[in-house]
Every structure is written in C-alpha cells, then in structure tokens.
Amino acid sequence: MLFSSISFLYYFLPLITALYFIAPGKWKNAVLLLGSLVFYAWGEPKYVVVMAAVIAQGYVFGRLTEKYRETGAGKIFCMVSVVISLSFLVYFKYANFFLENLNALAGDAVPLLRIALPVGISFYIFQIISYTVDVYRGEAAQKNAVDLAAYIAMFPQLIAGPIVRYSDIAGQLRGRGHSWEEAAEGIRRFVIGLAKKILLANQFGELCAVFRAAEQKSVLFYWLYALAFSLHIYFDFSGYSDMAIGLGRIFGFRFPENFNYPYISSSITEFWRRWHISLGSWFRDYVYIPLGGNRVGRGRHLRNILVVWMLTGFWHGAAWNFILWGLLFAVLLILEKLWLLGALEKGRIWPHIYTLFFVLVSFVLFNAEDLGQAYADIGGLFGVGGVPAVSAEALYYLRSFGAALLFGVIGATPVPRNVTRRIFGETACREVWNIAEPVMLAVLLLISTAYLVDGSFNPFLYFRF
Amino acid sequence: MAGKRGFAVCMVFILLLYGGFLLCLFKPKPGYSDSERRRLAVMPEFSADSVWSGRFMSDFEEYAVDAFPFRDRFRTAKALAAGGVFLKKDNNGVYVADGFISALEYPLDTASLKRAAERFRYICGKYLNDGNRVFLSVIPDKNCFLAAGSGRLFMDYAALESRMAGEADFAEYIGISDLLERDDYYRTDTHWRQERIADVANRLAQSMGAELSQDYRIHTLERDFYGVYYGQAALPLAPDTLQYMTGEDMDNCSVYDWQNGKEIPVYDMERAQGRDPYEMFLSGPVSLITIDNPEAPAGKRLVLFRDSFGSSLAPLLISGYSRITLVDIRYIHPDSLGRFIDFEGCDVLFLYSTLVLNHSDTMK
C-alpha cells in the first residue's frame with residue numbers, strides 16, 4: 001500500500017489510528033503489528049510469509065545470541081542469523097543478477113528465477129541484521145515476539161525506511177507517551193511529506209517520463225532531465241521519510257532523521273552526511289567500522305571506503321550501474337579525503353557547483369536502465385553524438401515545468417523553513433500562525449487528495465530497493 | 001508547537017480524514033462519469049482467491065479513486081492548481097487556449113502515416129480498378145490552429161499533409177486546410193462544427209466532380225454540448241452549442257446501418273439527448289452505413305472511408321450522390337467489405353483527421 005493513495009489516507013489510516021488509540025496500552029503494539037501485516041499484505045500477500053520467516057529467525061537467534069553472548073556460541077548464533085537474513089536478500093534481489101552475469105561469462109543459459117522482489121526487503125533485512133548484531137554487542141534481546149515483529153514490520157517505516165535500528169526504539173517499544181502535541185507534530189510532518197511526494201516529486205517524475213519518451217532530445221533536455229530526476233528522487237524519498245517519521249510520531253515513536261537538505265552541501269562528503277542518513281550510518285556501524293574504518297593503514301582505509309560504497313551502490317539495485325554509482329562516490333570521497341576537502345572548505349560558490357554537478361551526473365547514472373543507456377544519457381549531457389543544444393520539446397517542458405522546478409529548487413533548501421520561522425516566530429505573528437498552520441495543512445492535504453483523485457503519475461522510487 | 005495550535009491541527013486532520021472515510025463508506029457511488037464518459041470502477045468482489053492473488057487490492061485501489069466523494073470537484077481543484085499554481089502548460093496533455101480546449105498532439109509519427117497509407121493502398125488493390133477514381137483528404141485537428149500561437153508543442157501540419165499525399169500516391173489529394181480555422185471546431189470537443197464546413201464539403205464534392213445543393217436549414221440543439229475535452233480538462237468552462245443542417249435531399253434520403261441491421265435517421269435525436277450529443281450525426285461510431293438519395297443523379301456513387309469527422313460531413317454530401325457508403329475501418333476489417341459494397345464505378349474518398357492518421361494502429 002502506498003502512503004500516497006486514497007486507500008491508505010481515507011480507509012487504512014482512519015481505521016488503524018482509531019483501533020490504535022482505543023486499544024489499551026499493552027495491546028497497542030499488537031494492533032500496530034496487525035495493521036502492519038495488513039498494510040504489507042495489501043501489496044504483497046504472498047511475501048508476508050517471507051517477512052514472517054525473517055522475523056522468526058531474528059527472534060530465535062537474537063534470544064540465543066543473548067543467552068550465549070559470553071561464550072563463543074553467541075557470535076556463531078549472531079553470524080548464522082546474519083547469513084540467513086542475507087540469504088533471503090541475495091535470493092530475492094541478487095540471484096538473477098549473478099545468474100545473468102555467470103551466463104554472460106560462461107556462455108551458458110542457466111534459466112533465471114521467476115521471482116518478484118518483495119517490497120521493502122532491503123530495509124527490513126537491514127533492520128533485523130542491526131537487531132541481532134546489537135544484541136551480540138550487548139543490547140538486551142526482545143523477549144516479546146510481538147514487540148520484535150512490531151519493530152520490524154511497523155508499517156510507517158517498513159517499506160522505504162528510515163532504517164530504524166533496534167537500539168533507537170527498544171525503549172519506545174516497551175512504553176511510550178502520546179499527546180496532542182506529539183500527534184500534531186506528526187501530522188504536520190506527514191502532510192508536508194505527502195505534499196512533497198504528490199505535488200512535487202510526482203511532477204518531476206512526470207518530466208522524467210516525458211524525457212524518456214521524447215524523440216527530440218537535446219543537451220538542454222538532458223540537463224533538464226538530470227535536474228528533474230535529482231529533484232524527483234529527493235522529494236520522493238525525503239517525502240516518504242517525512243511521512244514515515246510523522247506517522248511514527250503519531251504512534252509515539254521517534255524515528256531517526258533521514259535527510260538534511262543534501263543539495264546545499266559543499267562537498268560529496270557533506271552530501272552523504274545529509275542524504276539517506278540512516279543508510280549511511282548503518283553501513284558505517286555494521287560494515288565500515290567492523291572492517292577497521294579509518295583506524296588502519298592508508299591502503300586498507302581506502303579499500304574499506306571502496307567496499308562500503310560498492311555495497312551501498314549494490315544495495316540500491318542489482319545492476320552494474322548501481323555498483324558504478326557507488327564506486328563513483330567512493331572515488332570522489334577518496335579524492336576529497338586525500339586532497340580536495342581543504343580547498344572545498346575554503347571555497348564559497350564553486351564547492352556547491354562541484355557537488356551539484358557530480359550529484360546530478362551520478363543520478364543520471366543511477367536512473368539508467370543499463371550501462372548503454374547510462375553512457376548515452378551522460379554523453380547527452382555533454383552533446384556527445386551530435387545531440388543539438390536545444391529542442392522545441394525541451395523549451396516547452398522547461399516552460400511547462402518551470403514553476404515546479406523553481407519550487408523544487410527552493411524547497412530543497414532550508415529557505416522556506418527559515419522564512420516561516422522568521423515570520424511566524426515573532427510574537428505578533430504567532431497568533432496568526434496558530435490559525436494559518438492548520439488551514440495550510442488542510443489545504444495541502446486536500447490538494448494532494450485532488451492530485452490523487454485525478455489519478456496522475458504516482459510511483460514510489462524507493463519501492464524497488 | 002503551541003498547545004492550541006497543536007490541538008487545532010489534530011482536529012482539522014481528524015475531521016478531514018474521518019469525514020472522508022465516512023463519505024467514502026456511505027455516500028452513494030455514481031456508476032458512470034459523465035464528464036469523463038466512462039464507467040467507474042465498482043467495489044471488487046472479496047474472496048480468498050482475489051485477496052491471495054492481489055487482484056482484490058489492485059481493483060480496490062481503482063475503486064477507491066473512482067468512487068471518491070466529490071470526485072469531479074477534486075479533479076477541477078487539481079486542474080486549477082496545475083494551471084494556477086504550477087503554471088503547467090497542459091494538464092494530463094490537455095490545454096486551454098483562447099477558450100478552446102485541446103489535447104496535445106505531438107510528435108508527428110511518420111511510421112503511423114505510412115501504415116495508414118498502406119492500409120488505404122491495400123483496400124485499393126483489393127477492390128478497385130481503373131474505373132475508380134481515388135481521392136485523399138486530411139482534416140487538421142484543432143491543434144493546427146491553437147498550439148503554435150499559444151506556445152504548445154505542435155506538429156508540422158504542412159509536412160504531414162505533404163508526406164501523406166506522397167505516401168498515398170495512388171490517390172488524388174484534396175487539400176482543405178486553407179478552408180478551416182479555429183472557430184470551425186467546437187470549443188470543448190475534438191470535432192468540427194457541421195454548420196461551418198459547408199465550404200469543405202463543396203471543395204471535396206467539386207474536386208470529385210459532384211455538385212451539392214446549397215439550400216440548408218440550420219437547427220440548434222436545445223441542450224448544452226459538453227464535448228469530450230470538457231471532462232478531460234476538468235475546468236469550469238462554458239459549454240458549446242451544437243447545430244446541425246438539414247436540406248431537402250437529407251429529408252428524403254434513406255440511411256441503413258449495416259452493423260446493427262436497421263434504418264437510421266441522418267440525425268439521431270435520441271443520441272442527441274444522450275451522453276455524447278455529437279453521436280447524433282449518423283448515429284456515431286458505426287462501421288458501415290449506406291445513404292441512398294433518390295433525388296440525386298443515378299449512378300453517382302461515393303465510398304467514403306472516414307473517422308468520426310466524416311459523420312458530420314457526410315450529410316452535406318448527400319445531395320451530390322445517389323449512394324454514399326461510409327466505412328470506418330477502425331471497426332470493420334477491409335477484407336469484409338466485398339460482401340457489402342459494390343465498388344464498380346464508385347468514387348472513393350479517404351477522409352481522415354490527423355488524430356487518426358497519427359495513431360493509425362486503430363485501423364484494421
């Protein structure tokens with residue numbers, strides 16, 4: 001089920017919130033779990049079994065890991081759980097990639113598996129791994145299977161994150177408070193996320209689709225596409241994260257932040273501190289640091305960076321363009337660590353241009369169907385292959401999507417937030433804001449509903465990961 | 001967040017969500033959308049099989065959108081936001097310029113033109129001989145007169161005509177673009193207005209050696225005409241007025257609908273009161289129709305291969321021909337035509353709008 005759907009907004013959400021708040025405290029996690037299973041089954045009825053199996057092994061091995069933590073067996077139980085979890089991921093997400101490449105190398109024709117990717121598997125597998133590893137590192141294992149299942153399957157963050165680590169919400173699973181204030185904060189965050197997704201991300205997605213279908217490409221059109229996709233993926237994913245964090249808040253949870261205005265970064269290093277924060281910190285804590293991080297020799301340090309970023313790329317998709325996308329960032333991060341960071345810190349404008357340039361180009365690589373298309377698209381940005389500079393189509397769509405692009409560019413910076421705070425932070429305006437904010441949120445919700453009812457473009461990019 | 005404001009935010013959200021929920025459950029659902037001219041999705045059947053296969057859920061998503069309360073008003077709100085806030089030049093491919101609604105028709109699909117010409121060539125090869133004269137005419141769609149001036153994408157219509165004439169080198173081309181202008185089309189519909197195309201009918205007839213009566217009476221339909229683009233645009237625009245022309249030959253001719261096996265009127269007043277009043281012209285989408293005119297010179301026969309634009313034009317040609325056969329090869333395969341049509345000595349006119357030529361995969 002999509003957050004940005006009529007069925008979620010006007011059927012599922014009223015029902016689940018009513019049941020949740022009516023239920024007595026000790027039943028609330030069970031209600032959340034039940035609702036989450038319905039939410040997941042709505043799109044993937046068969047794959048609820050897969051998720052249940054992942055959770056069950058996590059529960060059993062988590063308990064065993066805790067029990068035998070002081071002996072060598074604890075480590076073995078933890079590793080078995082990690083291997084089982086990764087096996088699910090490899091089978092459903094990467095098996096066909098490996099088979100295709102083996103076939104290409106060996107000239108064989110081993111038939112590919114006829115399986116669909118279970119939605120959200122990359123996210124919940126990482127959560128269960130974080131749980132068992134955290135238990136091995138000293139966190140108390142969850143005794144209550146319902147609470148553990150509620151943590152893994154919790155619908156706000158189940159299918160596109162943020163990747164919530166068990167240690168972050170273990171206490172909240174045991175007990176949490178609810179208040180109008182918290183709920184209102186959650187609602188505000190949810191509605192803004194919904195509007196980011198429906199009113200902005202979908203329009204940029206539409207522009208990308210138009211570009212892809214266009215016959216008359218031009219350099220301008222390629223750059224328009226690069227900008228549109230960069231804004232699409234940002235508003236799509238950060239909008240989803242906002243909705244997830246907001247829903248969590250309504251149910252009394254505090255999920256970690258996932259985005260912090262990444263496009264204002266002045267280096268790639270800074271960009272990755274602001275983009276998909278929960279994934280970056282997961283790889284840091286569960287891969288980079290266990291490999292030795294930066295507390296090793298220069299050679300091993302660089303190897304660690306390459307490994308982590310190759311895996312980061314591979315996590316996003318089972319295709320070579322994702323691996324190259326990760327490695328591109330690895331190279332840029334290494335260059336910055338070795339030589340560039342000092343100069344970037346001294347610059348004012350050019351570091352932003354440098355960062356945005358590579359981010360835009362990287363997302364063109366990211367969104368390509370295959371390496372051939374990646375080559376053509378990146379070449380198109382620079383006029384390779386005799387692509388004309390401007391085309392009538394590019395100019396038309398620039399005019400047609402110009403306002404949305406402008407809103408997107410401004411909205412990707414802290415400017416709207418700062419302006420709002422400045423205006424309504426004044427005592428005299430605070431009373432106005434008390435009325436204006438609920439009205440503004442209602443209008444955003446209704447306009448977003450109108451876009452949904454009109455049935456326009458509405459996929460979620462991160463559902464494929 | 002200030003206490004009062006937080007409470008107000010919660011109350012507004014609860015009101016909208018639960019209000020929407022209750023309306024979704026209890027407000028009666030329309031089965032048909034007049035504005036979009038389509039049946040709306042109905043509540044899917046709930047069964048273990050439909051749930052396990054995921055069919056129930058996907059069908060429910062469609063139903064939830066189609067059955068949403070005040071759906072048309074929400075669509076209007078979206079169209080207004082798209083144009084007024086985001087300054088989109090078109091909304092779902094539909095735009096409004098100078099009070100006319102049109103759909104973007106772009107780019108020119110040369111393969112489609114070639115395919116259409118091949119279909120025409122196939123018909124000629126199968127049924128015609130040296131005794132037949134073959135003509136081709138292309139009807140420009142409304143974009144030809146609206147798009148360029150309003151900054152929308154547009155096809156090169158001159159190139160389209162010239163390419164089509166070149167592809168169909170077995171036919172004599174009759175150009176009619178110079179006789180048409182924006183106001184010859186309905187503001188809310190795809191089609192041209194019959195009361196404004198008498199000159200087009202004359203040009204076609206004269207080019208084919210026929211002479212038409214110019215004695216027409218103009219009638220106005222006593223209901224508003226909301227064309228097909230009206231629903232797609234979802235904007236609060238004024239409706240069109242639909243007019244039709246009658247004459248002595250039209251009064252005395254007989255029209256036979258081969259598809260449904262019955263006599264039909266030139267102007268179907270039942271359909272004029274239906275969901276698409278434009279279907280009043282020769283009863284709308286019918287694959288094969290013959291019009292016999294006892295007043296016309298005997299043996300003057302025309303086979304008109306046409307799309308829906310031809311429905312409103314054909315009545316104006318009646319006075320020039322003893323028999324006009326209208327064929328819509330979107331609904332009947334050309335191989336079947338020999339059973340119904342005697343092509344011997346007939347004139348043949350392929351009269352198609354650019355909208356169909358540019359999407360000729362609809363032709364059989």
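Mentor: We'll take domains, then helix packing, then the chain contact and some backbone details.

Trainee: Is this experimental or predicted?
Mentor: Predicted.

Trainee: How is chain A divided?
Mentor: Into domain 1, residues 6-176, and domain 2, residues 182-266 + 347-453. Their centres are 29 Å apart, taken over C-alpha atoms.

Trainee: How many residues does each domain put into the contact?
Mentor: Domain 1 of chain A gives 15 residues and domain 2 of chain A gives 16 residues.

Trainee: Which helices supply the domain 1 side?
Mentor: Helix 1 (6-22), helix 7 (155-158) and helix 8 (166-174) of chain A each supply at least two residues there. Helix 1 of chain A gives the most, with four residues.

Trainee: And by class?
Mentor: On the side of domain 1 of chain A that touches domain 2, nine residues are nonpolar, four polar and two charged.

Trainee: Switching to helices. How do helix 10 and helix 17 of chain A pack?
Mentor: Helix 10 (residues 219-250) and helix 17 (residues 392-411) of chain A pack at about 30°, with axes 11 Å apart. Angles under 35 degrees count as roughly parallel, so these two helices of chain A are roughly parallel to each other. Their crossing is left-handed.

Trainee: Which residues meet there?
Mentor: From helix 10 of chain A, A:Leu220, A:Phe221, A:Leu224, A:Leu227, A:Leu231 and A:Phe235. From helix 17 of chain A, A:Glu393, A:Ala394, A:Tyr397, A:Leu398, A:Leu405 and A:Gly408. By class, that contact has 10 nonpolar residues, one polar and one charged.

Trainee: What about helix 10 and helix 16 of chain A, what angle there?
Mentor: About 115°, with the axes of helix 10 and helix 16 (residues 371-381) of chain A 7 Å apart. That makes helix 10 of chain A roughly perpendicular to helix 16 of chain A. This crossing of helix 10 and helix 16 of chain A is left-handed.

Trainee: Who makes that contact?
Mentor: A:Val219, A:Tyr222, A:Trp223 and A:Ala226 on helix 10 of chain A, with A:Asp377, A:Gly380 and A:Leu381 on helix 16 of chain A. Five of the residues in this contact are nonpolar, one is polar and one is charged.

Trainee: Now the two chains. How many residues are in contact?
Mentor: 44 residues of chain A touch 42 residues of chain B.

Trainee: Which helices of chain A are involved?
Mentor: Helix 1, helix 2 (28-43), helix 9 (180-213), helix 17 and helix 19 (427-453) of chain A each supply at least two residues. Helix 19 of chain A gives the most, with 12 residues. The side of chain A that touches chain B has 25 nonpolar, 11 polar and eight charged residues.

Trainee: Backbone next. Where is the cis peptide bond in chain B?
Mentor: Between B:Tyr106 and B:Pro107, with omega about 0°. B:Pro107 sits in the loop between strand 4 (100-103) and helix 5 (110-127) of chain B.

Trainee: Why flag that, or a positive phi?
Mentor: Most residues other than glycine have a negative phi, and most peptide bonds are trans.

Trainee: So what is phi of A:His276?
Mentor: Near 45°, a positive value in a residue other than glycine. A:His276 is in the loop between helix 11 (268-274) and helix 12 (277-288) of chain A.

Trainee: Is A:His276 buried or exposed?
Mentor: A:His276 has 22 C-beta neighbours inside 10 Å, so A:His276 counts as buried. The cut-off for buried is 20 or more.

Trainee: And phi of B:Leu282, what is that?
Mentor: Near 50°, a positive value again in a residue other than glycine. B:Leu282 lies in the loop between helix 11 (269-272) and strand 11 (288-292) of chain B. With 26 C-beta neighbours inside 10 Å, B:Leu282 counts as buried.

Definitions and conventions: Residues numbered from 1 in each chain as written. Chains lettered and ligands numbered in written order. Predicted model: local features only at pLDDT ≥ 70, side-chain atom pairs only at ≥ 80, totals over all residues. Domains from an automatic or database assignment. Contact = placed C-beta atoms within 7 Å. Nonpolar A, V, L, I, M, F, W, Y, C, P; charged D, E, K, R; others polar. Axes fitted to C-alpha atoms, helices over the stretch in contact; angles between N-to-C directions. Parallel < 35°, antiparallel > 145°, perpendicular 65-115°, else oblique. Left-handed = near helix turned anticlockwise from the far one by under 90°. Buried ≥ 20, exposed ≤ 12 C-beta atoms within 10 Å, placed from the backbone.
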